[in-house]
Amino acid sequence: MNCREACRAMPDFLEGAYPVSRQEEFLQHVENCADCREELAVTLTLQMALNALDDNTEFIYMDSDEGVKKVLDNAAARVAHYNRYLRIKWAIGTAAGWALVLTCALQILYWMQAGFRLF
């Protein structure tokens, strides 16, 4: 991911609309690029101020580094959860596939013992 793509993704990322499958790439870029990290801090502050206006509440300024760290930590947790989900999904799919193969093999063995000719 380059800086332009990261900057385009920031509003969606902060609103929670950016796909989790792409967040790991985004997080790696923002953590390694000081300019994008600063841009994320500015975008986060602006978004918080606009949300306060929309909610008609007082805007409480948060240290931008603290806010960015919190947002990035939450996103990293989502990415870790998503990766665990993918590994579990793969394991279940693999187990189901092997169960099907084993069931077919046992069925063929049963038929052969019962005297059926398969071929």
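Buried residues are those under 20% relative accessible area, exposed ones are over 50%, and partly exposed ones fall in between (1.4 Å probe, protein chains only). Helices (H or I, at least four residues) and strands (E, at least two) are DSSP runs, numbered from the N terminus. The model is predicted: local features need pLDDT of at least 70, side-chain atom pairs count only at pLDDT 80 or more, and totals for chains, interfaces and linings use all residues. Residues are numbered from 1 along each chain as its sequence is written, and side-chain values use heavy atoms, with hydrogens and water left out.

Helix α2 is described first. In α2, the buried residues are Gln23, Phe26, Leu27, His29 and Val30. The helix covers residues 20-32. The expected span of a helix is 1.5 Å times one less than its number of residues. An α-helix has 3.6 residues a turn, so residues three or four places apart point the same way.

Histidine 29 belongs to α2. It counts as buried because its relative accessible area is 14%. Contact means heavy atoms within 4.5 Å. Apart from neighbours within four places in sequence, histidine 29 is in contact with Met1, Asn2, Cys3, Ala6 and Cys36. Valine 20 also lies in helix α2. Its relative accessible area is 27%, so valine 20 is partly exposed. Valine 20 touches Arg78, Val79 and Tyr82, with residues up to four places away in sequence not counted. Valine 20 and arginine 78 are 58 residues apart in sequence, yet 7.2 Å apart in space, C-alpha to C-alpha.

Helix α1 (residues 3-15) holds methionine 10. With 1% relative accessibility, methionine 10 is buried. Methionine 10 touches Phe26, Cys36, Glu39, Leu40 and Thr43, leaving out residues up to four places away in sequence. Between methionine 10 and arginine 22 there are 12 Å, C-alpha to C-alpha, and the two are 12 residues apart in sequence. Glutamate 15 is also found in helix α1. Here the relative accessible area is 55%, so glutamate 15 is exposed. The C-alpha atoms of glutamate 15 and aspartate 65 are separated by 18 Å, and the two residues are 50 apart along the chain.

The packing of α1 and α2 comes next. Axes are lines fitted to C-alpha atoms, for helices over the stretch in contact, and angles run from 0 to 180 degrees between N-to-C directions. The axes of α1 and α2 come within 10 Å and cross at roughly 120°. Their crossing is left-handed, a term for a near helix turned anticlockwise from the far one by less than a right angle, with right-handed meaning clockwise. From α1, Cys3, Ala6, Ala9, Met10 and Phe13 meet Gln23, Phe26, Leu27 and His29 of α2. By class, this contact has 7 nonpolar, 2 polar and no charged residues. Nonpolar covers Ala, Val, Leu, Ile, Met, Phe, Trp, Tyr, Cys and Pro; charged covers Asp, Glu, Lys and Arg; the others, Gly among them, are polar.

Rings of Phe, Tyr and Trp (its six-membered ring) pair if their centres lie within 6.5 Å; planes under 30 degrees apart count as stacked, over 60 as edge-to-face and the rest as tilted. The structure holds 3 aromatic pairs. In one of them, the rings of phenylalanine 13 and phenylalanine 26 have centres 4.4 Å apart and planes at 40°, so the pair is tilted. This pair links distant parts of the chain, with phenylalanine 13 in helix α1 and phenylalanine 26 in helix α2, 13 residues apart. Phenylalanine 13 is buried at a relative accessible area of 2%, and phenylalanine 26 is buried at 0%. Tyrosine 18 and phenylalanine 26 form another tilted pair, 5.9 Å centre to centre with 55° between the planes. Tyrosine 18 is buried, at 10% relative accessibility.

Helix α3 spans residues 34-55. Its 22 residues should span 32 Å, and the end C-alpha atoms are 31 Å apart, which agrees. Buried in α3 are Cys36, Leu40, Ala41, Thr43, Leu44, Gln47 and Ala52. Leucine 44 has 8% relative accessibility, so it counts as buried. Leaving aside neighbours within four places in sequence, leucine 44 is in contact with Leu14, Gly67, Val68 and Val71. Leucine 44 and histidine 29 are 15 residues apart in sequence and 17 Å apart in space, C-alpha to C-alpha.
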